[in-house]
Amino acid sequence: MKKSFKTIRHTVWIYFAIFIVSILVLMWFTFGVSLEANYKRLKTSSIFDIASYILVGWSKDEFTDDSLDQLAYDNDMCVLIQDAYSNTVYSCDMMANNCLVHGHGTELYKYRAEAAANPNGIYYTEIKNPRFHNDTLLFVMILGDRSKPSGYIFLNTSLEPLNSTTGIINSQILWVSIMLLILGLGISYFLARLIETPIVRITKSAKKLAQGDYSSHFDGHGYAETEQLADTLNYAAEEISKVDNLRKDIIANVSHDLRTPLTMVKAYAEMIRDLSGDNPVKRQEHVNIIIEESDRLAALVNDILDLSKLESNNASLNFSEFSITKKIYEIMGRYTLLSEQQGYKFFVTADKDFEINADVIKIEQVLYNLINNAVNYTGDNKTVYITQIVVDDETARIDITDTGKGIEPELLPLIFDRYYRAEKNKREVIGTGLGLSIVKQILKQHNFKFGVRSELGIGSTFWFEVKGKVVGDLND
(Lines give C-alpha, C1' and ligand atoms only; values in the text may rest on other atoms or scores of the structure.)
Protein backbone atom coordinates (compact mmCIF):
# COMPACT_ATOMS: atom_id res chain seq x y z
CA MET A 1 0.00 0.00 0.00
CA LYS A 2 1.32 3.41 -0.96
CA LYS A 3 2.33 5.45 2.07
CA SER A 4 0.93 8.97 2.34
CA PHE A 5 3.22 11.72 3.59
CA LYS A 6 0.33 14.08 4.38
CA THR A 7 -0.11 14.24 8.16
CA ILE A 8 -3.03 15.58 10.19
CA ARG A 9 -0.78 18.26 11.66
CA HIS A 10 0.22 19.60 8.26
CA THR A 11 -3.32 19.31 6.89
CA VAL A 12 -4.86 21.26 9.78
CA TRP A 13 -2.05 23.83 9.62
CA ILE A 14 -2.49 24.35 5.86
CA TYR A 15 -6.28 24.68 6.00
CA PHE A 16 -6.09 27.06 8.95
CA ALA A 17 -3.48 29.11 7.09
CA ILE A 18 -5.74 29.24 4.03
CA PHE A 19 -8.57 30.43 6.27
CA ILE A 20 -6.46 33.22 7.75
CA VAL A 21 -5.18 34.34 4.34
CA SER A 22 -8.77 34.40 3.05
CA ILE A 23 -9.78 36.70 5.91
CA LEU A 24 -6.83 39.00 5.20
CA VAL A 25 -7.68 39.14 1.49
CA LEU A 26 -11.27 39.99 2.40
CA MET A 27 -10.04 42.75 4.72
CA TRP A 28 -7.79 44.21 2.02
CA PHE A 29 -10.58 44.13 -0.53
CA THR A 30 -13.13 45.65 1.87
CA PHE A 31 -10.97 48.49 3.23
CA GLY A 32 -8.48 49.00 0.43
CA VAL A 33 -10.35 48.43 -2.80
CA SER A 34 -14.05 48.91 -2.20
CA LEU A 35 -13.82 51.61 0.50
CA GLU A 36 -14.35 54.49 -1.90
CA ALA A 37 -17.21 52.77 -3.73
CA ASN A 38 -18.94 51.99 -0.43
CA TYR A 39 -18.41 55.56 0.73
CA LYS A 40 -20.10 57.01 -2.38
CA ARG A 41 -22.95 54.52 -2.12
CA LEU A 42 -23.60 55.37 1.53
CA LYS A 43 -23.31 59.10 0.81
CA THR A 44 -25.89 58.83 -2.00
CA SER A 45 -28.24 56.80 0.20
CA SER A 46 -27.86 59.38 2.97
CA ILE A 47 -28.70 62.34 0.73
CA PHE A 48 -31.81 60.50 -0.52
CA ASP A 49 -32.96 60.04 3.08
CA ILE A 50 -32.31 63.70 3.90
CA ALA A 51 -34.24 64.89 0.84
CA SER A 52 -37.20 62.67 1.74
CA TYR A 53 -37.06 63.97 5.31
CA ILE A 54 -37.11 67.59 4.10
CA LEU A 55 -39.94 66.83 1.69
CA VAL A 56 -42.17 65.36 4.42
CA GLY A 57 -41.39 68.16 6.88
CA TRP A 58 -41.84 70.87 4.29
CA SER A 59 -45.24 69.54 3.18
CA LYS A 60 -46.41 69.61 6.80
CA ASP A 61 -44.88 73.05 7.39
CA GLU A 62 -42.86 71.66 10.31
CA PHE A 63 -39.49 73.15 9.40
CA THR A 64 -38.02 76.46 10.49
CA ASP A 65 -34.90 78.12 9.10
CA ASP A 66 -32.97 77.22 12.25
CA SER A 67 -33.86 73.51 11.98
CA LEU A 68 -32.88 73.45 8.31
CA ASP A 69 -29.62 75.27 9.14
CA GLN A 70 -28.86 72.61 11.75
CA LEU A 71 -29.65 69.85 9.25
CA ALA A 72 -27.32 71.38 6.66
CA TYR A 73 -24.57 71.85 9.25
CA ASP A 74 -24.82 68.31 10.61
CA ASN A 75 -24.54 66.79 7.13
CA ASP A 76 -22.03 69.31 5.72
CA MET A 77 -24.16 70.18 2.70
CA CYS A 78 -25.70 73.13 0.89
CA VAL A 79 -29.49 73.33 0.85
CA LEU A 80 -31.56 75.44 -1.56
CA ILE A 81 -35.38 75.37 -1.76
CA GLN A 82 -37.13 77.24 -4.57
CA ASP A 83 -40.78 77.77 -5.43
CA ALA A 84 -42.38 77.04 -8.79
CA TYR A 85 -41.10 80.37 -10.14
CA SER A 86 -37.48 79.76 -9.17
CA ASN A 87 -37.67 82.15 -6.27
CA THR A 88 -35.55 81.20 -3.28
CA VAL A 89 -37.62 80.09 -0.31
CA TYR A 90 -34.74 78.81 1.83
CA SER A 91 -30.98 78.85 1.35
CA CYS A 92 -28.05 77.57 3.40
CA ASP A 93 -24.52 77.58 1.91
CA MET A 94 -22.12 75.35 3.88
CA MET A 95 -19.54 75.00 1.08
CA ALA A 96 -18.88 78.66 0.15
CA ASN A 97 -17.09 78.88 -3.19
CA ASN A 98 -17.14 75.10 -3.49
CA CYS A 99 -20.95 75.00 -3.82
CA LEU A 100 -22.49 74.17 -7.21
CA VAL A 101 -25.99 75.32 -6.25
CA HIS A 102 -25.69 78.84 -4.94
CA GLY A 103 -24.89 81.44 -7.62
CA HIS A 104 -25.35 79.02 -10.54
CA GLY A 105 -28.75 80.01 -11.91
CA THR A 106 -28.25 78.68 -15.44
CA GLU A 107 -27.12 75.30 -14.21
CA LEU A 108 -30.10 75.15 -11.82
CA TYR A 109 -32.49 75.44 -14.73
CA LYS A 110 -30.73 72.56 -16.41
CA TYR A 111 -30.92 70.48 -13.23
CA ARG A 112 -34.65 71.21 -12.84
CA ALA A 113 -35.22 70.03 -16.40
CA GLU A 114 -33.33 66.78 -15.68
CA ALA A 115 -35.48 66.11 -12.59
CA ALA A 116 -38.69 66.84 -14.54
CA ALA A 117 -37.59 64.35 -17.21
CA ASN A 118 -37.31 61.49 -14.69
CA PRO A 119 -40.51 59.62 -13.76
CA ASN A 120 -39.82 59.93 -10.05
CA GLY A 121 -39.00 63.66 -10.25
CA ILE A 122 -35.48 63.12 -8.89
CA TYR A 123 -32.10 63.80 -10.45
CA TYR A 124 -28.68 63.26 -8.89
CA THR A 125 -25.17 63.14 -10.30
CA GLU A 126 -21.51 63.40 -9.43
CA ILE A 127 -19.93 66.65 -10.67
CA LYS A 128 -16.32 67.67 -10.41
CA ASN A 129 -15.89 71.18 -9.07
CA PRO A 130 -14.15 73.18 -11.82
CA ARG A 131 -12.28 75.32 -9.29
CA PHE A 132 -10.94 72.81 -6.79
CA HIS A 133 -11.31 69.71 -8.99
CA ASN A 134 -12.91 67.71 -6.22
CA ASP A 135 -15.94 65.46 -6.63
CA THR A 136 -19.32 66.65 -5.37
CA LEU A 137 -22.75 65.07 -5.26
CA LEU A 138 -25.69 67.11 -6.61
CA PHE A 139 -29.28 66.13 -5.81
CA VAL A 140 -32.54 67.67 -7.15
CA MET A 141 -36.11 66.72 -6.12
CA ILE A 142 -39.39 68.20 -7.42
CA LEU A 143 -41.94 69.31 -4.83
CA GLY A 144 -45.51 68.43 -5.75
CA ASP A 145 -46.66 67.13 -9.17
CA ARG A 146 -43.89 66.61 -11.71
CA SER A 147 -46.04 68.15 -14.49
CA LYS A 148 -46.95 71.13 -12.33
CA PRO A 149 -44.33 71.47 -9.59
CA SER A 150 -44.79 73.63 -6.55
CA GLY A 151 -41.09 73.91 -5.87
CA TYR A 152 -37.64 72.29 -5.93
CA ILE A 153 -35.14 70.99 -3.39
CA PHE A 154 -31.42 71.30 -4.27
CA LEU A 155 -28.80 69.53 -2.19
CA ASN A 156 -25.06 69.65 -2.78
CA THR A 157 -22.34 67.95 -0.73
CA SER A 158 -18.68 67.29 -1.21
CA LEU A 159 -17.37 63.76 -1.75
CA GLU A 160 -14.26 63.89 0.36
CA PRO A 161 -11.10 62.50 -1.29
CA LEU A 162 -10.20 59.23 0.43
CA ASN A 163 -6.66 58.79 -0.88
CA SER A 164 -4.99 59.85 2.35
CA THR A 165 -7.52 57.96 4.45
CA THR A 166 -7.11 54.84 2.33
CA GLY A 167 -3.34 55.05 2.66
CA ILE A 168 -3.54 55.23 6.44
CA ILE A 169 -6.00 52.34 6.57
CA ASN A 170 -3.86 50.24 4.22
CA SER A 171 -0.80 50.89 6.39
CA GLN A 172 -2.70 49.78 9.48
CA ILE A 173 -4.13 46.76 7.71
CA LEU A 174 -0.64 45.73 6.64
CA TRP A 175 0.63 45.63 10.22
CA VAL A 176 -2.55 43.97 11.46
CA SER A 177 -2.27 41.39 8.66
CA ILE A 178 1.32 40.54 9.53
CA MET A 179 0.54 40.14 13.23
CA LEU A 180 -2.66 38.21 12.51
CA LEU A 181 -0.85 35.91 10.09
CA ILE A 182 1.92 35.14 12.59
CA LEU A 183 -0.55 34.67 15.44
CA GLY A 184 -2.89 32.57 13.30
CA LEU A 185 -0.16 30.28 12.02
CA GLY A 186 1.11 29.78 15.57
CA ILE A 187 -2.36 28.96 16.88
CA SER A 188 -3.04 26.64 13.93
CA TYR A 189 0.23 24.77 14.54
CA PHE A 190 -0.62 24.43 18.25
CA LEU A 191 -4.14 23.20 17.48
CA ALA A 192 -2.76 20.75 14.92
CA ARG A 193 -0.43 19.32 17.57
CA LEU A 194 -3.33 18.99 20.03
CA ILE A 195 -5.48 17.16 17.49
CA GLU A 196 -2.60 14.95 16.36
CA THR A 197 -1.40 13.85 19.81
CA PRO A 198 -4.17 11.34 20.72
CA ILE A 199 -4.13 9.92 17.20
CA VAL A 200 -0.36 9.39 17.42
CA ARG A 201 -0.84 7.57 20.74
CA ILE A 202 -3.54 5.37 19.21
CA THR A 203 -1.33 4.65 16.18
CA LYS A 204 1.56 3.49 18.38
CA SER A 205 -0.76 1.15 20.28
CA ALA A 206 -2.21 -0.11 16.98
CA LYS A 207 1.29 -1.02 15.77
CA LYS A 208 1.85 -3.04 18.95
CA LEU A 209 -1.51 -4.78 18.40
CA ALA A 210 -0.54 -5.57 14.80
CA GLN A 211 2.63 -7.23 16.15
CA GLY A 212 0.54 -9.51 18.34
CA ASP A 213 0.66 -7.59 21.62
CA TYR A 214 -3.00 -7.92 22.62
CA SER A 215 -2.32 -6.31 26.00
CA SER A 216 -1.68 -2.92 24.40
CA HIS A 217 -4.08 -0.24 25.65
CA PHE A 218 -5.48 2.52 23.44
CA ASP A 219 -5.51 5.95 25.07
CA GLY A 220 -7.67 8.49 23.23
CA HIS A 221 -8.34 11.06 25.95
CA GLY A 222 -8.64 14.61 24.71
CA TYR A 223 -11.58 14.48 22.34
CA ALA A 224 -14.88 12.62 22.30
CA GLU A 225 -14.18 11.13 18.85
CA THR A 226 -10.71 9.83 19.73
CA GLU A 227 -11.98 8.46 23.04
CA GLN A 228 -14.74 6.62 21.18
CA LEU A 229 -12.18 5.32 18.67
CA ALA A 230 -9.89 4.17 21.50
CA ASP A 231 -12.77 2.38 23.25
CA THR A 232 -13.66 0.64 19.99
CA LEU A 233 -10.06 -0.43 19.41
CA ASN A 234 -9.72 -1.65 23.01
CA TYR A 235 -12.84 -3.74 22.50
CA ALA A 236 -11.47 -4.98 19.15
CA ALA A 237 -8.16 -5.92 20.83
CA GLU A 238 -10.03 -7.94 23.44
CA GLU A 239 -12.10 -9.70 20.78
CA ILE A 240 -9.03 -10.39 18.62
CA SER A 241 -7.30 -11.83 21.67
CA LYS A 242 -10.28 -14.10 22.26
CA VAL A 243 -10.37 -15.13 18.61
CA ASP A 244 -6.63 -15.84 18.66
CA ASN A 245 -6.99 -18.00 21.76
CA LEU A 246 -9.97 -19.72 20.17
CA ARG A 247 -7.94 -20.30 17.00
CA LYS A 248 -5.20 -21.93 19.04
CA ASP A 249 -7.76 -24.07 20.85
CA ILE A 250 -9.38 -25.08 17.57
CA ILE A 251 -6.06 -26.05 16.04
CA ALA A 252 -5.19 -28.07 19.15
CA ASN A 253 -8.60 -29.78 19.27
CA VAL A 254 -8.78 -30.47 15.54
CA SER A 255 -5.24 -31.83 15.61
CA HIS A 256 -6.17 -34.08 18.52
CA ASP A 257 -9.44 -35.22 16.95
CA LEU A 258 -7.78 -35.95 13.62
CA ARG A 259 -4.68 -37.63 15.08
CA THR A 260 -6.59 -40.30 17.02
CA PRO A 261 -8.67 -41.78 14.16
CA LEU A 262 -5.79 -41.40 11.70
CA THR A 263 -3.49 -43.27 14.07
CA MET A 264 -6.06 -46.04 14.48
CA VAL A 265 -6.70 -46.25 10.73
CA LYS A 266 -2.98 -46.57 10.09
CA ALA A 267 -2.49 -49.11 12.92
CA TYR A 268 -5.31 -51.40 11.82
CA ALA A 269 -4.32 -51.09 8.18
CA GLU A 270 -0.83 -52.26 9.16
CA MET A 271 -2.37 -55.12 11.20
CA ILE A 272 -4.36 -56.23 8.17
CA ARG A 273 -1.20 -56.09 6.08
CA ASP A 274 1.05 -57.87 8.58
CA LEU A 275 -1.20 -60.09 10.71
CA SER A 276 -4.83 -60.59 9.75
CA GLY A 277 -4.68 -60.48 5.97
CA ASP A 278 -5.20 -64.22 5.72
CA ASN A 279 -7.67 -64.47 8.63
CA PRO A 280 -11.15 -63.47 7.35
CA VAL A 281 -12.63 -62.94 10.83
CA LYS A 282 -9.82 -60.77 12.13
CA ARG A 283 -9.54 -58.95 8.83
CA GLN A 284 -13.26 -58.11 8.89
CA GLU A 285 -12.98 -56.87 12.49
CA HIS A 286 -10.05 -54.65 11.65
CA VAL A 287 -11.73 -53.34 8.47
CA ASN A 288 -14.84 -52.44 10.48
CA ILE A 289 -12.71 -50.43 12.90
CA ILE A 290 -11.08 -48.62 9.97
CA ILE A 291 -14.54 -47.83 8.55
CA GLU A 292 -15.78 -46.53 11.93
CA GLU A 293 -12.74 -44.29 12.33
CA SER A 294 -13.15 -43.08 8.75
CA ASP A 295 -16.78 -42.23 9.51
CA ARG A 296 -15.61 -40.33 12.56
CA LEU A 297 -13.14 -38.36 10.43
CA ALA A 298 -15.85 -37.66 7.84
CA ALA A 299 -18.26 -36.46 10.56
CA LEU A 300 -15.61 -34.15 11.98
CA VAL A 301 -14.76 -32.67 8.58
CA ASN A 302 -18.46 -32.24 7.70
CA ASP A 303 -19.15 -30.49 11.00
CA ILE A 304 -16.19 -28.15 10.48
CA LEU A 305 -17.41 -27.32 6.96
CA ASP A 306 -21.01 -26.80 8.13
CA LEU A 307 -19.91 -24.50 10.95
CA SER A 308 -17.63 -22.51 8.63
CA LYS A 309 -20.49 -21.97 6.17
CA LEU A 310 -22.88 -20.93 8.92
CA GLU A 311 -20.43 -18.50 10.53
CA SER A 312 -19.56 -16.90 7.17
CA ASN A 313 -23.25 -16.64 6.19
CA ASN A 314 -22.58 -18.73 3.08
CA ALA A 315 -25.16 -21.34 4.06
CA SER A 316 -28.47 -20.34 2.47
CA LEU A 317 -31.76 -21.26 4.12
CA ASN A 318 -34.54 -22.98 2.18
CA PHE A 319 -37.74 -22.00 3.97
CA SER A 320 -40.84 -24.18 3.88
CA GLU A 321 -43.83 -24.78 6.13
CA PHE A 322 -43.86 -27.97 8.18
CA SER A 323 -45.06 -29.28 11.53
CA ILE A 324 -42.26 -29.07 14.08
CA THR A 325 -44.33 -31.35 16.34
CA LYS A 326 -44.56 -34.14 13.77
CA LYS A 327 -40.88 -33.65 12.91
CA ILE A 328 -39.93 -34.28 16.56
CA TYR A 329 -41.94 -37.52 16.69
CA GLU A 330 -40.50 -38.58 13.32
CA ILE A 331 -36.90 -38.04 14.52
CA MET A 332 -37.51 -39.78 17.84
CA GLY A 333 -38.73 -42.84 15.94
CA ARG A 334 -35.18 -43.22 14.61
CA TYR A 335 -33.81 -43.62 18.14
CA THR A 336 -35.73 -46.87 18.68
CA LEU A 337 -32.67 -49.00 17.94
CA LEU A 338 -30.61 -47.04 20.48
CA SER A 339 -33.32 -47.67 23.08
CA GLU A 340 -33.48 -51.38 22.33
CA GLN A 341 -29.73 -52.03 22.15
CA GLN A 342 -28.36 -49.68 24.84
CA GLY A 343 -31.33 -49.16 27.14
CA TYR A 344 -31.95 -45.45 26.59
CA LYS A 345 -35.40 -44.13 27.49
CA PHE A 346 -36.91 -41.21 25.57
CA PHE A 347 -40.07 -39.41 26.78
CA VAL A 348 -41.71 -37.12 24.21
CA THR A 349 -44.61 -34.81 25.05
CA ALA A 350 -46.31 -32.11 23.00
CA ASP A 351 -49.45 -30.13 23.74
CA LYS A 352 -50.43 -28.91 20.24
CA ASP A 353 -49.60 -29.51 16.60
CA PHE A 354 -47.43 -26.49 15.77
CA GLU A 355 -46.45 -25.43 12.25
CA ILE A 356 -43.44 -23.23 11.43
CA ASN A 357 -41.78 -21.70 8.35
CA ALA A 358 -38.09 -22.63 8.44
CA ASP A 359 -35.36 -24.67 6.78
CA VAL A 360 -36.47 -28.21 7.59
CA ILE A 361 -33.01 -29.74 7.05
CA LYS A 362 -31.34 -27.24 9.38
CA ILE A 363 -34.01 -27.64 12.08
CA GLU A 364 -33.60 -31.41 11.86
CA GLN A 365 -29.87 -30.87 12.43
CA VAL A 366 -30.64 -28.77 15.51
CA LEU A 367 -32.89 -31.47 16.95
CA TYR A 368 -30.39 -34.26 16.22
CA ASN A 369 -27.50 -32.34 17.78
CA LEU A 370 -29.41 -31.45 20.94
CA ILE A 371 -30.79 -34.97 21.38
CA ASN A 372 -27.36 -36.53 20.78
CA ASN A 373 -25.87 -34.07 23.28
CA ALA A 374 -28.48 -35.15 25.84
CA VAL A 375 -27.67 -38.80 25.14
CA ASN A 376 -23.96 -38.11 25.65
CA TYR A 377 -24.43 -36.36 28.97
CA THR A 378 -27.47 -37.99 30.56
CA GLY A 379 -27.21 -39.87 33.84
CA ASP A 380 -26.85 -43.55 34.59
CA ASN A 381 -30.60 -44.03 34.14
CA LYS A 382 -30.10 -43.07 30.47
CA THR A 383 -33.25 -40.96 30.37
CA VAL A 384 -33.91 -38.03 28.01
CA TYR A 385 -37.02 -35.83 27.93
CA ILE A 386 -38.19 -33.97 24.80
CA THR A 387 -41.01 -31.50 25.42
CA GLN A 388 -42.88 -29.10 23.18
CA ILE A 389 -44.89 -26.34 24.88
CA VAL A 390 -46.98 -23.76 22.99
CA VAL A 391 -46.20 -20.46 24.75
CA ASP A 392 -48.73 -18.40 22.81
CA ASP A 393 -50.49 -18.45 19.43
CA GLU A 394 -47.23 -17.57 17.63
CA THR A 395 -44.50 -19.20 19.74
CA ALA A 396 -43.60 -22.72 20.82
CA ARG A 397 -40.66 -23.82 22.98
CA ILE A 398 -38.83 -27.12 22.60
CA ASP A 399 -36.94 -28.45 25.65
CA ILE A 400 -34.41 -31.32 25.50
CA THR A 401 -33.53 -32.41 29.05
CA ASP A 402 -30.95 -34.90 30.29
CA THR A 403 -30.53 -36.32 33.80
CA GLY A 404 -26.78 -35.92 34.03
CA LYS A 405 -24.55 -34.17 36.55
CA GLY A 406 -25.36 -30.69 35.27
CA ILE A 407 -23.11 -27.76 34.34
CA GLU A 408 -21.40 -25.31 36.68
CA PRO A 409 -23.03 -21.83 36.48
CA GLU A 410 -19.77 -20.13 35.47
CA LEU A 411 -19.43 -22.51 32.50
CA LEU A 412 -22.93 -21.97 31.08
CA PRO A 413 -21.88 -18.97 28.90
CA LEU A 414 -19.23 -21.19 27.24
CA ILE A 415 -21.44 -24.14 26.47
CA PHE A 416 -22.22 -23.06 22.87
CA ASP A 417 -18.57 -22.27 22.04
CA ARG A 418 -16.71 -24.38 19.54
CA TYR A 419 -15.00 -27.44 21.02
CA TYR A 420 -16.28 -26.79 24.53
CA ARG A 421 -16.84 -30.11 26.26
CA ALA A 422 -17.68 -31.02 29.83
CA GLU A 423 -15.29 -33.94 29.59
CA LYS A 424 -15.72 -35.15 33.15
CA ASN A 425 -19.48 -35.48 32.65
CA LYS A 426 -19.47 -37.00 29.20
CA ARG A 427 -20.16 -40.63 28.32
CA GLU A 428 -17.91 -42.57 25.97
CA VAL A 429 -19.88 -41.52 22.91
CA ILE A 430 -18.34 -40.33 19.69
CA GLY A 431 -18.73 -36.60 19.00
CA THR A 432 -16.89 -33.77 17.25
CA GLY A 433 -17.41 -31.05 19.85
CA LEU A 434 -19.05 -28.78 17.26
CA GLY A 435 -22.69 -29.80 17.64
CA LEU A 436 -23.81 -27.03 19.97
CA SER A 437 -21.92 -24.39 17.95
CA ILE A 438 -23.79 -25.53 14.84
CA VAL A 439 -27.08 -25.34 16.79
CA LYS A 440 -26.22 -21.79 17.84
CA GLN A 441 -25.47 -20.61 14.29
CA ILE A 442 -28.57 -22.24 12.76
CA LEU A 443 -30.92 -20.75 15.38
CA LYS A 444 -29.28 -17.33 15.03
CA GLN A 445 -29.85 -17.44 11.26
CA HIS A 446 -33.53 -18.20 11.90
CA ASN A 447 -33.75 -15.45 14.57
CA PHE A 448 -34.98 -18.09 17.06
CA LYS A 449 -34.24 -17.62 20.76
CA PHE A 450 -32.27 -20.37 22.51
CA GLY A 451 -30.47 -21.09 25.76
CA VAL A 452 -29.64 -23.59 28.47
CA ARG A 453 -30.70 -24.21 32.08
CA SER A 454 -28.78 -26.50 34.39
CA GLU A 455 -28.72 -27.62 37.99
CA LEU A 456 -25.81 -29.55 39.43
CA GLY A 457 -26.71 -33.13 40.31
CA ILE A 458 -30.04 -32.99 38.46
CA GLY A 459 -29.34 -32.32 34.78
CA SER A 460 -29.45 -29.75 31.97
CA THR A 461 -32.17 -28.50 29.65
CA PHE A 462 -31.33 -27.05 26.24
CA TRP A 463 -34.22 -25.10 24.75
CA PHE A 464 -35.13 -23.03 21.72
CA GLU A 465 -38.23 -21.18 20.62
CA VAL A 466 -39.81 -21.24 17.15
CA LYS A 467 -42.27 -18.85 15.52
CA GLY A 468 -45.35 -20.19 13.76
CA LYS A 469 -48.94 -21.10 14.45
CA VAL A 470 -51.08 -23.79 16.06
CA VAL A 471 -52.73 -25.98 13.41
CA GLY A 472 -54.67 -28.33 15.66
CA ASP A 473 -54.53 -30.96 18.36
CA LEU A 474 -52.29 -33.99 17.99
CA ASN A 475 -55.36 -36.24 17.73
CA ASP A 476 -56.74 -34.35 14.72
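This report walks through a predicted model of one protein, from its overall make-up to selected residues.

## Basis of the model

Residues are numbered from 1 along each chain as its sequence is written. Local features need pLDDT of at least 70 and side-chain atom pairs count only at pLDDT 80 or more, while totals for chains, interfaces and linings use all residues; side-chain values use heavy atoms, with hydrogens and water left out.

## Overall make-up

The protein has eleven helices and twelve strands. Both are DSSP runs, numbered from the N terminus: helices are H or I with at least four residues, strands are E with at least two. Of the 476 residues, 36% count as buried. Buried means under 20% relative accessible area, exposed means over 50%, and partly exposed lies in between (1.4 Å probe, protein chains only).

A contact means heavy atoms within 4.5 Å.

## Confidence

The average pLDDT is 79, and 80% of the residues score at least 70. This score is the predictor's confidence in each residue, from 0 to 100. Among the elements, helix α7 (residues 280–311) has the lowest mean, 71. Strand β10 (residues 395–402) has the highest, 95. Over residues 422–430 the pLDDT is below 50. That stretch still has 20 contacts in the model beyond near neighbours in sequence.

Helix α3 covers residues 65–74, and its buried residues are L68, L71 and A72. They sit on the same side of α3, because their arc around the axis is only 95°. The arc is that of the directions from the helix axis to the C-beta atoms. On the other side, D66, Y73 and D74 are exposed. Just after α3, D76 takes a positive phi of about 50°.

Helix α8 has buried residues too: I324, T325, K327, I328, I331 and M332. Seen down the axis, they fall within an arc of 165°, so they line one face of the helix. An α-helix has 3.6 residues a turn, so residues three or four places apart point the same way.

## Around Q82 and R112

Q82 lies in strand β1 (residues 77–83). Q82 is buried, with a relative accessible area of 6%. Setting aside residues up to four places away in sequence, Q82 touches N87, T88, V89, L108, R112, S150, G151, Y152 and F154.

The side chain of Q82 makes a polar contact with the side chain of R112, at 2.8 Å. A polar contact is a pair of N or O atoms within 3.5 Å; within protein, one must be able to donate a hydrogen and the other to accept it, and residues adjacent in sequence count only if both atoms are side-chain atoms. The charged end of R112 also sits over the ring of Y152, 5.5 Å from its centre. For a charge to sit over a ring, NZ of Lys or CZ of Arg must be within 6 Å of the ring centre and within 35 degrees of the ring normal.

## Aromatic pairs

The whole structure holds ten aromatic pairs. Rings of Phe, Tyr and Trp (its six-membered ring) pair if their centres lie within 6.5 Å; planes under 30 degrees apart count as stacked, over 60 as edge-to-face and the rest as tilted. One of the pairs is F48 with Y124, which is edge-to-face: 5.1 Å centre to centre, 80° between the planes. F48 is in helix α2 (residues 35–59) and Y124 in strand β3 (residues 122–128), so the pair ties together parts 76 residues apart in sequence. F48 is partly exposed at 25%, and Y124 is partly exposed at 43%.

Y335 and F346 form a tilted pair, because their centres are 5.4 Å apart and their planes at 55°. Y335 lies in the loop between α8 (324–332) and α9 (336–342), and F346 in strand β7 (residues 345–350). Y335 is buried at 7%, and F346 is buried at 18%. Ring pairs link Y335, Y344, F346 and Y368 into a cluster. K382 lies over the face of Y344, at 5.2 Å from the ring centre.

## V391

V391 is found in strand β9 (residues 383–392). V391 counts as partly exposed, at 45% relative accessibility. Leaving aside neighbours within four places in sequence, V391 is in contact with A396 and R397. V391 and V466 are 75 residues apart in sequence, and their C-alpha atoms are 10.0 Å apart in space.
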